[in-house]
Amino acid sequence: MTATVRPSRKGGTALAQSIRRAIDLIRRSAEHPLSLTEAAEVLGVHKSTALRILQTLESARFVRRTGAGTYVLGSGLIELSELALGSMDLRQPAAAHLRALQRETGHTVHLAQLTGDEIIYIDKVDSPAFDAVKLPSRVGRAVSIYASAVGKTILAYLPREERDRLLSHVVYKRFTDTTFTDRDALDAELARIRDLGWATDNGEHDAYVMCVAAPIRDSRGQVIAAASITAIEVIASLDQLKGNLPRLLETATQISNELGYTPPSAPSPAGPEDGRSTDG
């Protein structure tokens, strides 16, 4: 009779801890160059062991050794993130529409999606006007859920329970003079967005950044993402960006259609031809 060898709970815990430390090591290498000594401290191992782990990560291109002997994030993880983003259902059908919108408006265009408990930029088409001044947004980065046009757009259309859950742990930090700093003010803004069908960011996170955003719906009609047009104020004021709203709303509708969304038909007015009385 062959006995089944089961890994001990202690061994499993040690393995999980090692994996967590390796992940932490990769994160640290993305933040700043790591020396061998720092890597050993992060991993909680001797330098010789840390070196072997770093060499393994280097062979997979997860980290890269610099000429100064330090370690930085490698191209392997960047390629994986691009593959993951490219495989997202939303990014691919939206790409051509976003690029057409950027060409026609001349401004930076973003696509943001609710992923877990965060709203993440999953695509960005830069404006050539930003050669000198780059926007702080970046693909893969989370955006403020309450101080951004895309964040407020997605929040506005979420079911109340889901919106409450996402906002329950939010600390309303005042980034600028126009930031919404309490739940009541934000709720009023979200109601306004639902009435209008689009949102603005009047320098609410970065005072010099203006933005307009529109909702994107899936085949069930649920808002799952938002597209936006963004500019720094010296390039375009908020009122000037609003002039692009018809084209932005058209783009959001086109992307929604790509996802299988069909707008509900407007009910036909009752008349004598359908057998119903027109009398009061």
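Helix α10 is followed by Gly260, which has a positive phi, near 100°; helices (H or I, at least four residues) and strands (E, at least two) are DSSP runs numbered from the N terminus. The structure is a predicted model, in which local features need pLDDT of at least 70 and side-chain atom pairs count only at pLDDT 80 or more, while totals for chains, interfaces and linings use all residues. Residues are numbered from 1 along each chain as its sequence is written, and side-chain values use heavy atoms, with hydrogens and water left out.

The chain contains ten helices and eight strands. Of its 280 residues, 41% count as buried (under 20% relative accessible area with a 1.4 Å probe, protein chains only; exposed is over 50% and partly exposed lies in between). Among the contacts in the chain (heavy atoms within 4.5 Å) with a separation of 6 or more, 53% come from residues 24 or more positions apart.

Helix α10 covers residues 245–258, 14 residues in total. The buried residues of α10 are Leu245, Arg247, Leu248, Thr251, Ala252, Ile255 and Ser256. An α-helix has 3.6 residues a turn, so residues three or four places apart point the same way.

Strand β3, residues 108–115, is mostly covered, with six of its eight residues buried. Strand β4 (residues 118–125) pairs with β3 as well, antiparallel and over seven bridges, and here Leu111 stands opposite Asp123 of β4. The two strands β3 and β4 form a hairpin with two residues between them, and Gly116 in the turn has a positive phi of about 65°.

Aromatic pairs were searched for in the whole structure, and two were found. In one, the ring centres of Tyr146 and Tyr172 are 5.1 Å apart and the planes are at 65°, so this pair is edge-to-face (Phe, Tyr and six-membered Trp rings pair with centres within 6.5 Å; planes under 30 degrees apart are stacked, over 60 edge-to-face and the rest tilted). The pair links distant parts of the chain, 26 residues apart: Tyr146 lies in the loop between β5 (142–143) and α6 (149–157), and Tyr172 in the loop between α7 and α8. Ring pairs join Tyr146, Tyr172 and Phe175 into a cluster. Tyr146 is buried, at a relative accessible area of 5%.

Tyr146 is also among the residues in contact with Thr179; leaving aside neighbours within four places in sequence, the others are Ala147, Lys173, Arg174 and Glu204. Thr179 lies in the loop between α7 (160–167) and α8 (183–196) and is buried, with a relative accessible area of 6%. The side chain of Thr179 reaches the backbone oxygen of Glu204 at 2.5 Å and the backbone nitrogen of Thr176 at 2.9 Å.

Methods:
Polar contact = N/O pair within 3.5 Å; in protein donor to acceptor, adjacent residues only side chain to side chain. Expected span 1.5 Å × (residues − 1). Pairing = 2+ DSSP bridges.
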